[in-house]
Amino acid sequence: METYNIAVVTDRNGKYAVTVPDRQAVLVFSFVGYATQEIEVGDRTELAVTLVETATEIEEVVVVGYGVQKKESIVGSIVQVGNKDLLKSGNVVDLKQALTGRLPGVTTSVSTGEPGSDATSIFIRGRNSWNNSQPLILVDGVERAMENVDVTEVETISVLKDASATAVFGVRGANGVILITTKRGQVAKPQLSFSYDATANMVSKLPEKLNSYDALTLRNESIERNVMFNEAIWSDYTPDEIRRRYRERDYPEYAILYPDVDWADALFKKVGWQHKAALNIRGGTDFVKYFGALAYLYEGDMFKEYDNHKGYSPSYGYNRFNFRTNLDFNLTKSTVFKVNLSGYYGKKDTNYSWFYVNTGGQNPQIWAAAYAIAPDMYPIQFPDGTWGAPQGADAEIQNPVATAYNLGVNETRTTNLNINLALEQKLDFITKGLSFSGLFNYDNNFSTVGGLVDYTNQIWITVDGLNTPATFVYPDLYLGPDQEQSEYTEKVPLSGGNYDYTVKPWTLNAEATSLVVRRMMYQAQLNYGRTFGRHRVGAMAVFQRNEYAAGSMFPSYREDWAFRATYDYDSRYFFETNGSYNGSEKFSSNYRFDFFPSFAVGWYLSNEEFFKVDWLNRLKFRYSLGWTGDDSAGARWAYQAQYSTHLNARLNTNNSGFSPYTIYHETVVPAAGLHWEKARKNNYGMETGFLNDMLTMTFDYYTEHRTDIIIDGSSRAIPSYFGNTPAAANLGIVNSRGFEIELGMNRTSAFGLNYWASVSMSHTRNKIIFRDDPQLQYDYLKQEGYAVAQTRTLLNDQIYQNWDEVYGSTVLANNDQYKIPGFYNIVDYNGDGVISDANDIVPYQYPDLPENTYNLSLGAGYRGFSLMVQFYGVNNVTRNATLTNFDNDMTTLFGHTRDYWSKDNPNASSFLPRYQLSQGEFIGNYFYCDGSYIRLKTAEIAYTLPKSLTNKLDIGDVRLYVNGNNLWFWSRLPDDRENTWSGGGVSTGAYPTMRRINFGININF
């Protein structure tokens, strides 16, 4: 009874007792996830109520910047997802990946599946700048990373897309904002929840390579065609009898002498395992409400087990322990004090790279197993523990499995500790509806690096200093099946002409601090909300100051002043204005602060008295206009000139002599007027509901005009005789536009079957209006007029079919003498008679970020059973997927070469690879792939045990489920990497992305 400030809690069976002061008392029944009901007591002495479950609480309120709003009053473009949907994402470790496809306008892109890596980029309404385009992410109102937030702690995630929603974040809101709200306590008996997930990980799509026999066959043909350019390559020609031995195993020793190794299969397991356990408690009294969470994650790697005979086992695994405590103390009837403690401890293992400490998975010597190493090089490992190795010192062709298992173990430990203290005070004694809140936050993040270092930190097969035993194989010395193996193999390293190897002692690197990050924030906020008849008004004003430092850097500061004012007349007409006055110490005092306003209106047409359409129960229109900014680009203190000393001047009678005077020169030209990027955004929205919201539709159309985009001095069109790198400048302009549409259906049949569907599409396209291109440059070579990160390449035409076409073709600026039939005729785009990278590289297809995304989700539930599937796809995207044939003269050929050109196959889909003449491979846009794909992104089958059974077991409820992530992948791409921005290069590869099948149980006590 809110009027009398009386609250009771039911027992596990729903029974309760309460004393009411009078018959007019109104009982309010509420529970998380259920619709609230208010019932007047009247003359009744017993009152039974059945609460109706809602999809999520976010159907009623939506988290916005610095507060919450009723969903019906929202006039900005905001989408939100709740915990139940996030948990269906298949136990992904990175919380960003749980958003894929669930929220229109949000695009994620993954470059590697390495355990514990932050390899997921997230974009809201595309990429509208060539500088940073990642959104601002806030966890409980504080700027933090989200990849290590455990999904069981999350209540909701809101994505703010238009200016009316992001203007309160001013200079940080141009790329959109993600608000993560964690769970809090409630007045109820303690509710304990335990969940356990066991996830089977399987490697997703990897490039297909030809086996030894097929690769040697194609190499022979390439040698026949290219021997005229290099007669020495004839020595690499493989006779048919020898080539046959790579396919037909007449004798056991052929596996050693003539190997046919599937290196990807040799390195990666069929199934790797990941485990997560989480324990949550939630409840509270009139004095204190609490939520606590503990979670442990183990993500194993996908490497097969090999014994390196050194006493240690390398790993690419990741362990993480999360904790959170959210406490709400009701100090008085009008005062609430909140304490949030959270953090995590993570331990990430990799091995060491050859020449530097490797903590980011960028080790092409290992990924060569899938992307470079040839199947006929050497066996993986011999029975005596020695490794297969080349008869040379070329680091690029070392055994990738030996590389993974013989460099040691590099351990990166991260400890993250966060504290939020908040005070909320109602000020009704001043005026009803007024309140104050204050927030203080302090975050600490510590990273240390240490581990086990093998003797030389490399496996280069050399006689001296080696700590990796190997066996060389010499097929030319093989005479027949009765020959001793030692006659055609050699053990290394050698000592005095005899095999005499002992393991050199590896060492332990002392754990040393690599990075300390500190963030402090304090905030004061006033809120006002009041209803006067049909008029509802609201206002918010906030002051916030941030201090941030990493390592030994001078702390950086930021200051924000923001406001919001809302008006709602009878739930029909809505008006909202937001604004912020932001400051950043990144720029000079003349450009340190600016004001970013927004305005939005809405009309709930279906709430009008004259609106009488029975089948159309909800129709709402909204429009917003506003300005936001982004200060993430540009160097710190770029507004200040910087000088450095140099060698003494050569002012001396001696030609090699120097004067006694030191040269001082300007190393950084000041950018005195440098400031943030600015974005003007428009958003037109419509929301509809048909047949009591059985069918729904949401549509948004938006435009953005971004100006003052920072152009780095090295990218400006300044002549070289300027004598220095010019200053960065706010010159760039980009326009973008797009739309989002989401259709939904939700229905429950007469016999209790609930079924639903959701389909959505997002489209965004941008165009560079200005980027300081050289004025006399060809238009097609300019950035202006094309999309940000537009793909550019030479264009290929028809394949040369004969020597006449070769002799009649346009001259290549480089290696023209190596042209032969079987290669592409490159388009001379500027028509100057010479093919060159400088003048003939042109815009091609699309950028490397999808312009279109699609999502289809289907589900049903009946008597405790539930089923859902989610398909996600993208198109209008181009990716560079270069796969280097004959890499380092190895017999490495990829599946795309199966249909190669020959005189008997003139209409082939692939060129003829060039052996030892790769410099002559002018193949234009051949390796630029259509990056479109469709995924079976998630699927879940779940069953909740009936209450009749769980009551006997004296527990709340039990839910069993099997779900999966990235279960199927349809694409023309050679591998399952959405981009190559991190984790590994275009052709060198990376730790593969995963396909996951997850088995889980959730128990509420």
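## A salt bridge to start with

Glu740 and Lys161 form a salt bridge whose closest N and O atoms are 2.7 Å apart; the term stands for a side-chain nitrogen of Lys or Arg within 4 Å of a carboxyl oxygen of Asp or Glu. Glu740 sits in strand S34 (residues 729-748) and Lys161 in the loop between strand S10 (154-160) and helix H2 (163-166), so the pair ties together parts that are 579 residues apart in sequence. Helices (H or I, at least four residues) and strands (E, at least two) are DSSP runs, numbered from the N terminus. Glu740 and Lys161 are both buried. Here buried means under 20% relative accessible area, exposed means over 50%, and partly exposed lies in between (1.4 Å probe, protein chains only).

Before going on, please keep in mind that this is a predicted model, in which local features need pLDDT of at least 70 and side-chain atom pairs count only at pLDDT 80 or more, while totals for chains, interfaces and linings use all residues. Residues are numbered from 1 along each chain as its sequence is written, and side-chain values use heavy atoms, with hydrogens and water left out.

## Other salt bridges

The structure holds 60 salt bridges. One of them joins Arg622 and Asp700, with the closest N and O atoms 2.8 Å apart. Arg622 belongs to strand S29 (residues 616-630) and Asp700 to strand S33 (residues 695-711), so this pair ties together parts that are 78 residues apart in sequence. Arg622 and Asp700 are buried.

Salt bridges with shared partners also link Glu241, Arg244, Arg245, Arg247, Glu248 and Asp250 into one network. Within this group, Arg244 forms a salt bridge with Glu248, and their closest N and O atoms are 2.6 Å apart. Glu248 counts as partly exposed because its relative accessibility is 32%.

## Strands side by side

Strand S27 (residues 573-584) pairs with strand S28 (residues 593-604) in the antiparallel sense over 11 bridges; two strands pair if DSSP finds at least two bridges between them. Tyr573 stands opposite Trp603 in S28. S28 also pairs with S29, again in the antiparallel sense, over 7 bridges, and there Ala600 has Ser624 in S29 as its bridge partner.

Elsewhere, 3 strands form an open sheet of mixed pairing, in the order S17-S20-S21. Its edge strands, S17 and strand S21 (489-492), each pair on one side only. S17 and strand S20 (residues 470-473) pair in the parallel sense over 2 bridges, and Trp387 stands opposite Ala470 in S20.

## A residue in strand S33

Thr703 is found in strand S33, and at 18% relative accessibility it counts as buried. Its C-alpha atom is separated by 9.8 Å from that of Leu625, 78 residues apart along the chain. Leaving aside neighbours within four places in sequence, Thr703 is in contact (heavy atoms within 4.5 Å) with Arg680, Lys681, Asn682, Ser736 and Arg737.

A nonpolar core is a set of buried Ala, Val, Leu, Ile, Met, Phe, Trp, Tyr and Cys residues joined through side-chain atoms within 4.5 Å. The largest has 51 residues, of which Trp263, Leu267, Phe268, Phe303, Trp367 and Val401 touch the most other members. Two or more residues come from each of helix H6 (263-267), H7, helix H8 (400-405) and strand S39 (824-826), and H7 gives the most, with 5 residues. Apart from this core lies another, of 21 residues, among them Val81, Val151, Val159 and Ile178.

H7 is largely enclosed by the rest of the structure, because 7 of its 8 residues are buried. Those buried residues pack against H6 and H8.

Asp376 lies in the loop between helix H7 (364-371) and strand S17 (387-388).

The side chain of Asp376 does make a polar contact with the side chain of Thr891, at 3.3 Å. A polar contact is a pair of N or O atoms within 3.5 Å; within protein, one must be able to donate a hydrogen and the other to accept it, and residues adjacent in sequence count only if both atoms are side-chain atoms. Not counting residues up to four places away in sequence, Asp376 touches Ser212, Leu216, Tyr246, Pro259 and Thr891.
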